[in-house]
Amino acid sequence: MHSSPLTPPRNSKVMKTKFLTQNEINGTTLAQAGKILQGGGLVVFPTETVYGLGANALDASAAEKIYAAKGRPSDNPLIVHIASPADANKYAFVGEEFKKIAEAFMPGPITVIMPKRDCIPSAVTGGLDSVGIRCPENAIARSLIAAAGVPIAAPSANISGKPSPTSALHVKGDLDGKVDMIIDGGDCTFGLESTIVKIENGTVTLLRPGAITLDMLRELFDEVLVAEAVTNKLKDDERPLSPGMKYRHYAPTAPLYLLSGTNARRIEYCMAADSDTLLLVYDEEAGLFPNHKIITLGSLNDEVSQAKRLFAALREADSTDCKKILAPMPLQRGIALALYNRMIRAAAHNIIELS
Ligand code: TXA
Ligand code: MG
């Protein structure tokens with residue numbers, strides 16, 4: 001299947017998806033979920049970042065089912081989830097840099113890309129000779145990996161191109177009938193995908209910003225490089241360090257524009273917008289636009305609440321019949337860099353500079 005880059009969604013064989021509610025999660029049901037994974041099946045599980053669509057990372061044909069269920073291009077590699085940082089060495093060639101990161105931030109919302117060992121099939125890594133390793137903090141995720149007894153390959157549990165799911169309801173909308181089980185762990189605590197760093201010949205490069213910020217990484221290492229695609233648009237012929245960065249991502253159906261300028265200018269611009277324009281605004285601004293449909297993005301100076309809201313807000317935007325969407329442009333520092341990175345993709349780099 002790796003000859004063709006686009007795998008069609010698996011809609012021919014609809015299966016019955018078992019939905020495990022929060023009250024039903026216990027040792028027995030997680031053992032059942034572990035058995036499904038051991039048998040080559042697909043289980044969606046919560047993590048502290050977003051929901052993951054999991055399969056046995058040591059089983060090439062199980063991993064291939066992930067690409068089919070998501071409609072994901074087969075050259076876009078999967079992250080391998082482990083129960084303990086000490087297991088990383090079984091699946092990747094681990095150096096001093098990984099050990100530093102693991103000690104500081106694992107378990108937690110960070111993925112480290114390193115040269116892979118042979119036991120990880122190339123179906124998992126999209127044909128690359130490196131593998132992304134992540135040890136999640138979420139207790140259900142860790143119990144599930146332990147119950148499976150194998151590492152779990154998992155991308156975000158959305159249909160390819162849609163925002164990553166931060167609630168089990170989002171997952172159900174995208175993947176009901178395409179996976180064996182969905183485990184409802186409630187809303188994800190952070191809400192944006194993990195920070196990704198690549199370690200190559202001792203050099204640490206940030207590929208995707210997340211809850212573990214660039215400043216936090218720079219406290220560990222003298223130098224941390226930042227991949228061009230984190231903040232800028234790639235040229236058509238440019239190859240990103242992370243294959244996922246080249247694909248259209250998160251974009252709502254209506255065109256989204258980011259407004260760059262002061263909050264006062266942004267509010268003024270939004271007030272003057274056509275009534276069929278949807279406004280994404282901060283919680284405190286909700287009362288200012290009686291003539292518009294609005295969706296709130298979390299609290300103005302609270303980037304943690306904004307991270308938690310963003311993907312749900314983008315999904316809500318798609319359930320309206322607006323012609324256009326306007327949103328604030330996040331700053332490019334701290335946790336806001338993760339918001340900025342997702343929003344410029346959602347907006348296909350359409351930025352309106354307000355003077
Ligand atoms: O928080 C997360 O990371 C979530 C949860 C489920 O763990 N997972 C997630 O996976 O966001 P996914 O597949 O949606 O995003 C992983 C990104 C993709 O852009 C992929 O291209 C990149 O990581 N990636 C994975 N392995 C890679 C590798 N070996 N080299 C370069 N990029 C890699
Ligand atoms: Mg994803």
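Q: In what sense do strand E12 (residues 256–260) and E16 pair, and over how many bridges?
A: Welcome to this predicted model! Two strands count as paired if DSSP finds at least two bridges between them. For strand E12 and E16, the pairing is in the parallel sense, over 3 bridges.

Q: Which residue in E16 does Leu258 stand opposite?
A: Let's stay with E16 for a moment. The residue there that stands opposite Leu258 is Ile351.

Q: Which helix packs on the sheet by touching E12, E15 and E16?
A: This helix spans residues 336–346. Its direction makes about 135 degrees with that of E12. The helix is H10.

Q: Which strands stand at the edges of the open sheet, and why is one side of each left without a neighbour?
A: The 5 strands run in the order E14-E13-E15-E12-E16, with parallel pairing. Each edge strand has a single partner strand, so one side of it is left without a neighbour in the sheet. The edge strands are E14 (294–296) and E16 (351–353).

Q: Which residues touch the most other members of the largest nonpolar core?
A: Nonpolar side chains tend to be buried together in soluble globular proteins. Here the largest nonpolar core holds 54 residues, and helix H2 (residues 60–70) gives the most to this core, with 5 residues. The residues touching the most other members are Val44, Leu53 and Ile133.

Q: How many residues are in the other core, which lies apart from the largest one?
A: Among the members of this other core are Phe190, Leu297, Leu314 and Ala327. The number of residues in that core is 30.

Definitions and conventions
Residues numbered from 1 in each chain as written. Chains lettered and ligands numbered in written order. Predicted model: local features only at pLDDT ≥ 70, side-chain atom pairs only at ≥ 80, totals over all residues. Heavy atoms only, no water. Core = buried A, V, L, I, M, F, W, Y, C linked by side-chain atoms within 4.5 Å. Buried < 20%, exposed > 50% of the residue type's maximum accessible area, 1.4 Å probe, protein only. Helix = DSSP H or I, 4+ residues; strand = E, 2+ residues; numbered from the N terminus. Contact = heavy atoms within 4.5 Å. Axes fitted to C-alpha atoms, helices over the stretch in contact; angles between N-to-C directions.
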